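Please open the model in a viewer and follow the stops below in order.

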Amino acid sequence: MVGTPQTAADDRPDPATGAFLAHRNLLFTVAYELLGSAVDAEDVLQETWLRWAGVDLGTVRDRRAYLVRIATRQALIRLRTLSRRRESYVGPWLPEPLLTAPDVAEDVALADSVSMAMLLVLETLAPTERAVFVLREVFDLGYDEIAEAVDKSPAAVRQIAHRARAHVAARRPRRAVSATETRYALDAFQRAVQTGDLQSLLDILAPDVVLLGDGGGVRQAVPRPILGADKVARLLAGGWGRVAGSTSWRPAQVNGHPALIVQLEGELDTVLAVRIDGGLITGIYAVRNPEKLSHMERETVLSR
């Protein structure tokens with residue numbers, strides 16, 4: 001990234017650079033959870049560095065909190081712009097998927113917070129509510145620290161946190177799902193789609209399952225959410241069945257959870273993530289927009 005610090009392996013960075021590098025993965029994770037976009041999160045990192053480089057470190061009591069405050073403010077500015085841009089987005093909008101390292105899945109709270117399902121829940125919050133929820137529930141910042149980041153009083157932040165927590169609780173999966181359970185559901189889903197077995201698909205899909213496809217107007221995708229097991233099963237069996245001989249499927253860790261990567265004639269075509277409730281797939285998220293698949297080429301490091 002242009003403008004961000006670069007150091008050689010044997011160089012000792014100055015204090016400002018050292019602090020930024022020490023918390024870089026945390027700052028990226030904060031920005032990504034607020035924006036749902038790795039590309040925009042990287043831009044927020046650059047803007048954070050430019051502002052941090054001009055800070056008098058002698059006035060900073062807690063460098064981590066100060067950096068998170070800068071990143072949060074920059075992300076909120078960008079989030080309001082993105083919200084307007086998404087109103088004209090072609091078809092359903094889905095978060096940008098990340099190929100994540102195994103250690104992300106080991107941190108259950110972090111993995112839950114960056115899952116495709118949770119990021120879509122966070123999209124239903126107002127920008128300030130989203131920032132307060134993420135900083136409090138995921139990164140465990142104090143109300144005073146959050147207040148400085150979002151320019152609200154601590155009392156107001158407590159109220160916002162309570163409201164956001166209730167909003168998310170009503171929309172998130174009812175319980176945490178193990179990686180084993182997710183892999184089992186994905187394996188059954190993959191076999192059924194590849195063989196065109198409608199009954200097997202219906203067996204793994206919840207009656208009220210929803211399918212969202214994000215092609216961004218660049219790749220063909222469903223133009224609106226598809227609701228109901230019968231409609232989703234027939235669409236998947238028919239659509240993938242036509243290109244079955246040209247596709248290959250492989251499992252991957254995406255946003256801290258098992259997912260599927262589909263290649264068409266050797267090229268990355270689709271990232272498939274799912275939401276599971278009660279052992280059944282209740283949400284299928286198919287990202288096809290090539291502009292959103294650049295972070296599937298290498299693992300992204302996330303941290304809290």
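Begin with aspartate 140, which is located in the loop between H8 and H9. The model is a predicted one. The phi angle of aspartate 140 is near 55°, a positive value in a residue other than glycine. Is this residue buried or exposed? Aspartate 140 is exposed, because its relative accessible area is 60%, and the threshold for that class is over 50%.

Next, select helix H9, residues 143–150. Its buried residues are Tyr143, Ile146, Ala147, Ala149 and Val150. Because these residues cover an arc of only 165° around the axis, they are on the same side of H9. Display the surrounding helices as well: the buried residues of H9 pack against helix H4 (63–86), H8 and helix H10 (154–169). Just after H9, aspartate 151 is a further stop, with a positive phi of about 60°.

Now keep H8 and H10 on screen together. Two packed helices are described by the angle between their axes and the distance between the axes. The axes of H8 and H10 cross at roughly 90° and come within 9 Å. H8 is therefore roughly perpendicular to H10. To see the contact, select Thr128, Glu129, Val132, Phe133, Arg136 and Glu137 on H8, together with Val157, Ile160, Ala161, Arg163, Ala164, Arg165 and Val168 on H10. Coloured by class, the contact of H8 with H10 shows seven nonpolar, one polar and five charged residues.

The crossing in which H2 passes H8 is right-handed. On the H2 side, the contact is made by Val30, Glu33, Leu34 and Leu35; on the H8 side, by Arg130, Ala131, Val134, Leu135 and Val138. The residues of the contact of H2 with H8 comprise seven nonpolar and two charged, with no polar residue.

Remain on H2 and select tyrosine 32, which is found in this helix. Tyrosine 32 is buried, because its relative accessible area is 0%. Which residues does tyrosine 32 contact, leaving aside its neighbours within four places in sequence? The contacts are with Ser37, Ala38, Ala41, Glu96, Pro97, Leu98, Val114, Leu119 and Asn255. Leucine 119 is 87 residues away from tyrosine 32 along the chain, and their C-alpha atoms are separated by 9.4 Å.

Follow the contact from tyrosine 32 to Asn255. Asparagine 255 lies in the loop between strand S3 (247–254) and strand S4 (257–264). Its phi is positive, about 50°, although asparagine 255 is not a glycine. Because its relative accessibility is 1%, asparagine 255 counts as buried.

Finally, select helix H13, residues 229–241, and within it arginine 234. With a relative accessibility of 51%, arginine 234 counts as exposed.

How values were computed:
Residues are numbered from 1 along each chain as its sequence is written. This is a predicted model: local features need pLDDT of at least 70, side-chain atom pairs count only at pLDDT 80 or more; totals for chains, interfaces and linings use all residues. Side-chain values use heavy atoms; hydrogens and water are left out. Helices (H or I, at least four residues) and strands (E, at least two) are DSSP runs, numbered from the N terminus. Buried means under 20% relative accessible area, exposed over 50%, partly exposed in between (1.4 Å probe, protein chains only). A crossing is left-handed if the near helix is turned anticlockwise from the far one by less than a right angle, and right-handed if clockwise. Contact means heavy atoms within 4.5 Å. Ala, Val, Leu, Ile, Met, Phe, Trp, Tyr, Cys and Pro count as nonpolar, Asp, Glu, Lys and Arg as charged, and the others, Gly among them, as polar. The arc is that of the directions from the helix axis to the C-beta atoms. Axes are lines fitted to C-alpha atoms, for helices over the stretch in contact, and angles run from 0 to 180 degrees between N-to-C directions. Angles under 35 degrees count as roughly parallel, over 145 as roughly antiparallel, 65 to 115 as roughly perpendicular and the rest as oblique.
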